[in-house]
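Here's a quick tour of how one fold is put together and how the chains meet. Have a look at the model first, then read on.

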4 protein chains.
Amino acid sequence: MEKKANLLEDSNLCVKNKGEIKINEKVRIGGDQILVMAGPCAVESEEQLMATAEGVKSSGAHLLRGGAFKPRTSPYSFQGLKKEGLKLLQKAKDITGLPVITEILSENEIELVAETADILQVGTRNMHNFALLRELGRINKPILLKRGFAATIKEWLSSAEYILQEGNTDVILCERGIRTHDNYLRNTLDLNAVVAAKSMSNLPVVVDPSHGTGDSKYVPAMAKAAVASGADGLLIEVHNSPNMALCDGSQSLDIEQFEGLICDLKALSRVLDRKI
Amino acid sequence: MEKKANLLEDSNLCVKNKGEIKINEKVRIGGDQILVMAGPCAVESEEQLMATAEGVKSSGAHLLRGGAFKPRTSPYSFQGLKKEGLKLLQKAKDITGLPVITEILSENEIELVAETADILQVGTRNMHNFALLRELGRINKPILLKRGFAATIKEWLSSAEYILQEGNTDVILCERGIRTHDNYLRNTLDLNAVVAAKSMSNLPVVVDPSHGTGDSKYVPAMAKAAVASGADGLLIEVHNSPNMALCDGSQSLDIEQFEGLICDLKALSRVLDRKI
Amino acid sequence: MEKKANLLEDSNLCVKNKGEIKINEKVRIGGDQILVMAGPCAVESEEQLMATAEGVKSSGAHLLRGGAFKPRTSPYSFQGLKKEGLKLLQKAKDITGLPVITEILSENEIELVAETADILQVGTRNMHNFALLRELGRINKPILLKRGFAATIKEWLSSAEYILQEGNTDVILCERGIRTHDNYLRNTLDLNAVVAAKSMSNLPVVVDPSHGTGDSKYVPAMAKAAVASGADGLLIEVHNSPNMALCDGSQSLDIEQFEGLICDLKALSRVLDRKI
Amino acid sequence: MEKKANLLEDSNLCVKNKGEIKINEKVRIGGDQILVMAGPCAVESEEQLMATAEGVKSSGAHLLRGGAFKPRTSPYSFQGLKKEGLKLLQKAKDITGLPVITEILSENEIELVAETADILQVGTRNMHNFALLRELGRINKPILLKRGFAATIKEWLSSAEYILQEGNTDVILCERGIRTHDNYLRNTLDLNAVVAAKSMSNLPVVVDPSHGTGDSKYVPAMAKAAVASGADGLLIEVHNSPNMALCDGSQSLDIEQFEGLICDLKALSRVLDRKI
């Protein structure tokens, strides 16, 4: 195996990691397969979730994404359906067979969320929440760790190390856009981070072009660029009716757009000796 | 009272706040008094803490600061003395009579920390940890909320709102340096944030020039600038022997330097119609 | 033609531009063809330039790049061969038949540089040098305008407008990396800017992954990502012997690496309905 | 003299500089005196300039500032009165006796501007315009070099070195706000840069709180903070009628506000062992 840079002072479990992670019996990440996780920003209703879940499945997604607990800048914004949202995710999982990824916000909700989630997602705002990371290191479900929007690559890997050190070695890194001087887009998707994180660790690295740009018309181009840069997967917001979304509708693809994107990505992957 | 800008969509408890906050029977913040909180980055030993506590008290500090639980980028760095550190802080408080401020890292340690702390400090990395903020809104101790190192002013006040909304109205804001393109200093202390936060809310605003610059030789000039910009208090790292510090020694003043700074700040405060 | 956003208050020649630009009788940019400009950071010697020029030509480059006048942060660094460098570029152009792109630093050297250059390059540090931009608007050679390393998309297009307004409509935009909070890489190549600039103007947009990352081992992945994001061309540093380079050797490909990259890019372009 | 850090590889004329600079027979900068330069952003008309010049003089300013050539992001914005503006500045200088500072934008206008200007100002957008800096190193008038809005301290001093190296040793540094992630204010005035630049060089350092904040209601607090941090002078926008200004009115003080600020700064300076 290629030698990786060891950037932490005392250890670097990220570098020693095995690389490939098993999500369920059929789905793995970190090999030739580029994993596509798709679904709405927030679980809003049974109708919305089921329509979107069926849509992304038939288009070729491997996992269903959807937020039950939503971290919002303002306490007055919609905070998610919480337990009710988890129940709907479980139902969508039972019907479609797709494994589910959803966000965890509190040390005290890990057990609850892990009942339904196949991957627990740590959001950009909690990348430095070391108390949460330590607890997530003690469960045996894969963790998707989003990069803090102003975190360095080294800080991101150090946060992964908090999880790995407690015994959970199934950590997936996710680049989701950084905050820069320009606010024409919501965030600046940083594809250099994919190349850097892969050269410094053996962890799989996925990209979220939806949050990374904040605008659905930029998502296809940046999803293709992410795959060309070497990403192991994509986290894409898809909504059965983006105009009606309670949260982040402007960055969600509709199902037809998602289907077109998957088609393009399949052709692209073949040239790169990978598959979707 | 001067009209404040209401920057949040739905409410703005920050704007409606009463302004002055009582720490204990003798100590208040938000009025004419500029509050000085001083002590070591981390509680390291009984000898270190007692020597520093006595030193900062006799120099004129109003509160003792000191970390028992330390948030560190790497899991392999010193993480604090934890419960043992809290016991030492309690002892220093009993001996000197100084109220104590210390950091809270986990929802599950609030009760423990609040037994000793007169102010609970939320660090820059937890400003977006909404689960923690909500729990802190349910206790009746003042909370010092540091600005996230890449948070906007609006996001900072929105995080304060999470605490206020739950019923705890005693929130102190703390500017501690932001992350910019230049890394000559550890952080870029942003005094514009003092003026902005005070124009947009009635919450007291204090400044941490020690983390804000990361270099003890910049601390006196920036502490004076903070007071001149209108800050309601200062959070300053002081160590009885900075060269021996386990954490952030290069940004700590020794007791003699701290005493000299307090003397300068007293003269400065008088010209600004305030007192230390 | 698709409607473009008009982001400037008074006019927007960038939006009204014709799109395709003729470099010489055989070479155009802005159509299906992805233009590859390759060569050393600085012209250092006849031997170095000729070896590199022949190498990039036989690998498939369409233009030769090379700096005669070098803008350096410190006045004590190598400033380029100046007039002597231009003579060598002319010789390389005569021998290989490749058109030449080189940087212009001063209003008073435009005529001199334009004798040899087929494209005049404005570097990131001069994007806001409006006196220079105005003069370049009065000549009839294409201008490649690099984005300022902290410029917004709007400021970049406004700078292009300074050139267009004077009558020179042949402006090529070049993304070359922005300065962010993370300095693991020299710059953060911002591919979102490609998508944004193309959605807001009709100007061709090219990418410089060499300066954009500052590390030759990141160049191939980011070059591929640039093409996948929709870039109309690439500006790539190639040196016949990168270890011996006087300037930026660590970000230069050698000729063999460049040849391998061109081969990968040809396969990629076909899937994207373009050609190299 | 205190030892300064030598941060440039090959030389550091900034460190070896003599420190105090003579503007004219009566005015010097770099000693105990804090120099106040005040006036409008742009020279707009004889009436505006004379009223403002008289106002700032009687309030205690030492120099008159005012732009004749204006660098604007868009070519469609007001570009200044140019030669006519210089004539008005000369007239204001003759009448009030105040020396004049004004901006230089082009290598080819140095001689013209130097006829009237006592200090030539290089704006933030030209800090990296090395061709201009070299030419300014060959005249014998003081140069005020604004920090690039995304320049590091080291790059700022390296740009000063370009001027010093050519023989002109009268360089004044000016901090005017940097670009960060937060755009609540136009810029983020970085007072750490004052302390850093003074610790690394012997050049005088002044602060522009008007551009640095972009909002006149923040100017007094940040001007006081600048002086408390150790600045050798202030560059303040004052307009006889800010609401009518063609450029940057929202950041201009009126004459009464300026007079009040000078009064506060005098009291503050005394405590800091300096004078205005």
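## Ground rules

This is a predicted model, where local features need pLDDT of at least 70, side-chain atom pairs count only at pLDDT 80 or more, and totals for chains, interfaces and linings use all residues. Residues are numbered from 1 along each chain as its sequence is written, chains are lettered from A and ligands numbered from 1 in the order in which they are written, and side-chain values use heavy atoms, leaving out hydrogens and water.

Pairing here takes at least two DSSP bridges between two strands. Strand 5 (residues 100-103) and strand 6 (residues 119-122) of chain D pair in the parallel sense over three bridges.

## Where chains C and A meet

Chain C and chain A each put 35 residues into their contact (heavy atoms within 4.5 Å). The rule finds two salt bridges across this interface (a side-chain nitrogen of Lys or Arg within 4 Å of a carboxyl oxygen of Asp or Glu). The side chains of C:Arg147 and A:Asp182 meet in a salt bridge at 3.5 Å, N to O.

Technical notes:
Helix = DSSP H or I, 4+ residues; strand = E, 2+ residues; numbered from the N terminus.
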